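This report covers a cavity, a set of paired strands and some aromatic ring pairs.

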Amino acid sequence: MSCKWTAKAAYLVIMLGPACFASGAAKPAPAVVQAPVEARVPFSPTLVTGTDGQQHLAYEIHITNFYGDTGPLTALDLDVKADGSDASLAHWSANDIAGVARPEPKEGQPLRIEPGKQATIYVFLSPRAGMQPRVLRHTMHFDMGGKTALLDGVKVDVSSTPAIRLGPPLKSGRWVAHEGPGNAHSHHWGSIVVANGDMTIPQRYALDLVGVDAHGHAMRDNVKDFSHTTHADWLGYGAEVLAVADGVVTASRNSEPDNAPLQPQPEPSSLTLDGLFGNYVVLQVAPGTWAGYAHLKPGSVLVKPGDHVKRGQVIARLGQSGNSAAPHLHFQLANRPVFEGSEGVPFVFDTFRYEGTETEAQIFGQGDPWKPTDGSIRHDQMPLSDTVINFSP
């Protein structure tokens, strides 16, 4: 039997016989089923303004392929919607998801969650100017052995508490905010800590502040062999570390030796302040908010638990103690005075000069020479990853 096309009014009617189906006519789209996953956002994000001038929300979606017999789930897309609207606030393709997921898929491969396994998607969302979303909702499509599975929900409130405003953590100088906020591949945001029933990210907004000169180099000009440097070769070493706000010291340590720069480091003894931070100061700067300073120079810590400090007070000097491969100041804000079980919270520095961005290679004088691309004074912004900021007057 042949296929006959007949025009009727303003549309075409397709007369289909059995031969038409056999010759490859379109089949009905497969039904969409509910995705057999457990998914949640464990910690409410906070809107904070970055050095790009935009507002950002940083958070994580934990997704578990729960059943053992479901088979693998392949993430196809992700949409974020706000405040009951069906309009997409942001959209990620399968490739986009693969680029911000852990465990990280092989290059060129989508995120694939095996039965009984969990994956984490690191969301760095930039709502349009002036938008203040209150509740976020997430929809995802998965390929489930040829079927399409839908996850629709995973709601999270956006925190109404603004990011805390801080003074500089270092007295002066030019610093690279290495492995900083917005970098889903950083060892800070990407480090999930599981302890005693809690799964948290203490370093969600942490910075490694590396001192650099006017050319963006972390070491002095006379250094020729990076594998044999001394602490004196590093520009930031020994810099004065400051209290970022009035507060009370809740913990400190002062006697851990420095490591040798750019040499293999021992594995941390534990995922705690003592196991990671070397010499440190923890300072309560607001109710439920603690500032952590790590890798301080041995013998330089000038405060002890119970001491009251003032903003701008010198509390220590920059070193390389603890889990640190080179001299720098690790700085973070968290909602608990301990490392394990705490969640990293955002902050802004009230004033600094913004000088552009820099790659890790440029810090060591490799690749294209670094030069400032900006020099504007910024107020109430959070340095994003690998930005160069200057605290000098």
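The text below takes up the strands, then the rings, then the cavity.

The model is predicted, so local features need pLDDT of at least 70 and side-chain atom pairs count only at pLDDT 80 or more, while totals for chains, interfaces and linings use all residues. Residues are numbered from 1 along each chain as its sequence is written, and side-chain values use heavy atoms, with hydrogens and water left out.

**Strands.** Helices (H or I, at least four residues) and strands (E, at least two) are DSSP runs numbered from the N terminus. Strand S12 (residues 135-144) is mostly covered, with seven of its 10 residues buried; buried means under 20% relative accessible area, exposed over 50%, and partly exposed in between (1.4 Å probe, protein chains only). Two strands pair if DSSP finds at least two bridges between them. S12 runs antiparallel to strand S7 (residues 73-82), with eight bridges, and Lys81 has Arg137 of S12 as its bridge partner. S12 is also antiparallel to strand S13 (residues 147-157), with nine bridges; here His138 is partnered by Gly153 of S13. S12 and S13 form a hairpin with two residues between them, and Gly145 in the turn has a positive phi of about 60°.

**Aromatic pairs.** The structure holds 12 aromatic pairs. Rings of Phe, Tyr and Trp (its six-membered ring) pair if their centres lie within 6.5 Å; planes under 30 degrees apart count as stacked, over 60 as edge-to-face and the rest as tilted. Two of the pairs are tabulated.

| Pair | Centre distance | Plane angle | Class |
|---|---|---|---|
| Phe66 and Tyr67 | 5.2 Å | 90° | edge-to-face |
| Phe277 and Phe339 | 5.7 Å | 75° | edge-to-face |

Phe277 lies in the loop between helix H3 (273-276) and strand S21 (280-286), and Phe339 in the loop between S25 and strand S26 (347-357), 62 residues apart. Both Phe277 and Phe339 are buried. Phe66 is exposed, at 54% relative accessible area, and Tyr67 is partly exposed, at 46%. Ring pairs also link Tyr293, Phe331, Phe347, Phe349 and Phe391 into a cluster.

**Cavity.** A cavity is a set of points on a 1 Å grid over the protein atoms alone where a 1.4 Å probe fits but cannot get out; lining residues have an atom within 4 Å of a point. A search of the whole structure finds one cavity of 30 Å³ or more. Strands S22 (289-294) and S25 (329-334) each give two or more residues to the lining, and S22 gives the most, with three.

Methods. 1 Å grid on protein atoms, 1.4 Å probe; cavity = no way out; pocket = protein on both sides within 12 Å on 5 of 7 lines; lining within 4 Å. Points joined across faces, edges and corners; volume = space filled by probe spheres on them.
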